[in-house]
Amino acid sequence: MLGEPSSVLSGWCSRLQMGMRIRCACPQWHRICLSPNCSPSFLRNAHHARPTIQEQVLYADGQTGTFLFGLDGQMVTMRRTAAMSLLAIRWLHTQTPERVLIIGTGIQAQAHAEALCNLYPDVKIAIRGRTRAAAGKICNSLAKQNICPTETQNDTYDVVITVTSSKAVLYNEPARPDCLVIGVGAYRPDMIEIGSRTITGSVIYVDDPVSAPAEAGDIIQAGISWDWVRALSKAQKTPPSSKNSVFFKSVGCGAWDLAAGRLARQQMG
C-alpha cells in the first residue's frame with residue numbers, strides 16, 4: 001500500500017553546494033534507513049547526452065545506522081519514477097492505455113517506455129524530442145516496433161507523459177477526460193512542462209503533497225491553490241470520476257527510494 005511520504009520521512013533538505021543541487025533524505029521505515037542521499041544536478045548535461053542528475057543511494061540499518069548496501073541512484077530513480085507513473089495510470093485512468101506520448105528523450109523517457117511495454121505489451125508509444133533525430137535515437141536503442149518518433153501535436157493519445165527539465169511549456173492542450181497527463185520533469189519552481197490550460201481544466205494529483213508546493217513547477221506557475229491538489233494515495237480507494245480530466249504531477253520522494261531499497265533487500269535474501 002502506498003503511504004503518505006510524511007509518515008516515513010524523518011528529515012529532508014535541499015541546498016546548493018559548489019554549483020550543484022544536493023538532496024539529503026533521511027527517511028526511516030521499520031529496520032531500514034535511507035542514509036543522506038547526494039543528488040548533484042547538472043542541467044547542462046542534457047545538451048551532451050548525459051543524465052542531468054548523478055546520485056548514489058545508501059541504505060543503513062534503521063536502528064543502528066550500520067551500512068547495509070548501496071544502489072545506483074540513476075537506476076533507482078529511473079525505475080521508481082516510472083513505477084510511480086504506471087501506478088498513476090492504474091489508479092487515475094479508466095482504460096488500459098493504447099496510445100501514449102512521451103515528451104523527452106533522456107533516461108526517464110527510456111525508463112517509462114520500457115515500463116509501459118512490460119506492463120502493457122500492446123501499447124503504442126510515440127516519442128517527441130527537441131529533434132526527430134533525438135527521438136529516433138531513443139527509439140532505435142529500445143528496438144521495439146511499437147515505439148516510434150513523432151513531431152506532430154495533432155494526434156490523439158490517452159496518456160501523455162513529459163520527462164524533461166524544460167523551462168518552457170511543452171504541452172498545453174485542452175484537458176480531456178479520456179487523456180491522463182503526467183508531468184514528471186519540472187522539479188523546480190522555475191521549470192515548466194505542462195501549461196495552465198491543461199492544468200486548470202483538470203483534477204490534480206501529486207505523489208508527494210509535502211514536497212510538491214516547493215518543487216512542482218507546473219502547478220506553481222499555473223497559480224493553483226494547493227487546497228485543490230490531492231494526494232495520489234487517496235485515489236487507491238477513491239478514484240476520480242471518469243468524467244473528470246486528470247493531471248498527475250510526480251515530484252519524487254525519498255520514501256520511494258526507501259521502498260526500492262526494501263524490495264532490493266528482500267530479493268537479496
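Me: How many aromatic pairs does the count come to?
Reply: The model is predicted, with local features needing pLDDT of at least 70, side-chain atom pairs counting only at pLDDT 80 or more, and totals for chains, interfaces and linings using all residues. Residues are numbered from 1 along each chain as its sequence is written, and side-chain values use heavy atoms, without hydrogens and water. Rings of Phe, Tyr and Trp (its six-membered ring) pair if their centres lie within 6.5 Å. By this rule the count is 1 aromatic pair.

Me: Are Tyr 59 and Phe 69 buried or exposed?
Reply: Buried means under 20% relative accessible area and exposed over 50%, with partly exposed in between (1.4 Å probe, protein chains only). Both Tyr 59 and Phe 69 are buried.

Me: What is the relative accessible area of Ala 186?
Reply: Phi of Ala 186 is near 50 degrees, a positive value in a residue other than glycine. Ala 186 is buried, with a relative accessible area of 0%.

Me: Are α1 and α2 oblique or roughly parallel to each other?
Reply: Angles under 35 degrees count as roughly parallel, over 145 as roughly antiparallel, 65 to 115 as roughly perpendicular and the rest as oblique. The axes cross at roughly 50 degrees. Helices α1 and α2 are therefore oblique.

Conventions
Rings of Phe, Tyr and Trp (its six-membered ring) pair if their centres lie within 6.5 Å; planes under 30 degrees apart count as stacked, over 60 as edge-to-face and the rest as tilted. Axes are lines fitted to C-alpha atoms, for helices over the stretch in contact, and angles run from 0 to 180 degrees between N-to-C directions. Helices (H or I, at least four residues) and strands (E, at least two) are DSSP runs, numbered from the N terminus.
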